[in-house]
Amino acid sequence: MVRGIRPFVEGRRAIDFKGCPTHCRPISILPPCADVFHKIQNQVVTTVGRMGKRIVLEFSNRLSLVIEPRMTGLVLMSHPPDTTHLRFELKFSGRRQFNSIWFWDRRGLGTVRLFDPDQRENALGKTRLGPDALEITEAQWRERLGRTRRAIKTALLDQKLVAGIGNIYASEILHRARIDPQRCADSLNSNELKRLAVAVRSVLELAIELEGSTLGDGTYRNALNKPGQYQNEHRVYMRDGEQCTTCNRATILRMVQTQRSTFHCSYCQKWSGWLIE
Ligand SMILES: [Zn+2]
């Protein structure tokens with residue numbers, strides 16, 4: 001989403017911020033919309049960045065608008081899936097192809113915060129969020145995973161351990177790294193850690209390149225409300241019951257780990273890993 005909106009947003013002046021009329025339970029916006037408007041009015045967006053899954057707009061007065069989409073939130077610059085679940089509009093001056101950012105959220109779990117630099121450091125400082133998944137080093141993987149006995153799949157979703165890996169990608173990453181999702185995080189040997197580091201990078205980079213995954217319910221859309229293309233690359237996610245296209249030997253299985261679905265191939269991701277090396 002960040003890459004999609006950046007070229008249309010950076011360098012532009014905010015002229016309005018308002019909640020959209022909706023009958024849904026309001027999402028959490030702090031301070032209230034009128035205060036956000038007052039504080040960012042006439043400020044220029046200097047950078048559009050990402051902190052884990054959050055989207056961060058920095059303004060010329062050093063305030064940051066931090067949007068956390070959670071499960072179903074989308075930051076859009078064009079027509080949303082419907083108007084019922086639109087939550088706020090941030091409008092820019094000038095007349096170009098796109099002049100507003102909208103936040104659309106079907107379930108309404110997303111949050112929006114306006115922070116000054118100190119508040120932002122307190123709320124989202126490095127102590128709260130793990131290193132970014134695209135920047136974490138092999139030594140950091142070893143050290144961080146070595147501290148937890150949770151299943152590796154569960155550990156990958158912990159944003160305090162590593163920021164930026166969502167549920168779809170955790171299954172895809174472990175499949176490509178040939179690691180059983182139920183393995184204890186601290187039991188991975190150095191070959192497995194290497195494979196994990198490579199798989200994280202390749203899966204996330206490809207997902208960014210293809211602008212995410214759009215699932216059957218059409219939930220995910222990129223910033224221009226086009227479906228992402230990464231779902232065509234899924235080897236295990238939502239493929240339970242199908243034959244594994246990596247090995248052509250086993251069937252993809254689904255299980256639930258800490259209330260989230262995990263998909264894996266019991267042949268490719270065999271516990272001991274001795275069959276394939
Ligand atoms: Zn397989």
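I call a residue buried if 20 or more other C-beta atoms lie within 10 Å of its own. With that cut-off I went through this predicted model.

**Entry: burial.** I looked up the buried share of the protein chain. Of its 277 residues, 35% count as buried.

**Entry: make-up and overall form.** I noted seven helices and 11 strands in the protein chain. Next I looked up the radius of gyration, which is 20 Å. The globule rule gives 19 Å for 277 residues, and the two values are close, so the chain is as compact as a globular protein of that length. I also took the extents of the C-alpha trace. Along the principal axes they are about 60 × 35 × 30 Å.

**Entry: contacts.** I kept to contacts in the protein chain with a separation of 6 or more. Residues 24 or more positions apart account for 61% of them.

**Entry: domains.** Where do the domains run in the protein chain? The domain assignment puts domain 1 at 2-124 and domain 2 at 138-265. I then looked up the spacing of their centres. Over C-alpha atoms, the centres of domain 1 and domain 2 are 28 Å apart.

Entry: I turned to strands β10 and β11. Strand β10 covers residues 252-257, and strand β11 covers residues 260-265. Their pairing is antiparallel, over six bridges. Which residue of β11 is the bridge partner of Arg254? I found Phe263 there. The two strands, β10 and β11, form a hairpin with two residues between them.

Technical notes:
Residues are numbered from 1 along each chain as its sequence is written. This is a predicted model: local features need pLDDT of at least 70, side-chain atom pairs count only at pLDDT 80 or more; totals for chains, interfaces and linings use all residues. Domain bounds come from an automatic or database domain assignment. Two strands pair if DSSP finds at least two bridges between them. Helices (H or I, at least four residues) and strands (E, at least two) are DSSP runs, numbered from the N terminus. The radius of gyration is taken over C-alpha atoms; the globule rule is 2.2 Å times the number of residues to the power 0.38. A residue is buried if 20 or more other C-beta atoms lie within 10 Å of its own, exposed if 12 or fewer, and partly exposed in between; C-beta atoms are placed from the backbone. Two residues are in contact if their C-beta atoms, placed from the backbone, lie within 7 Å.
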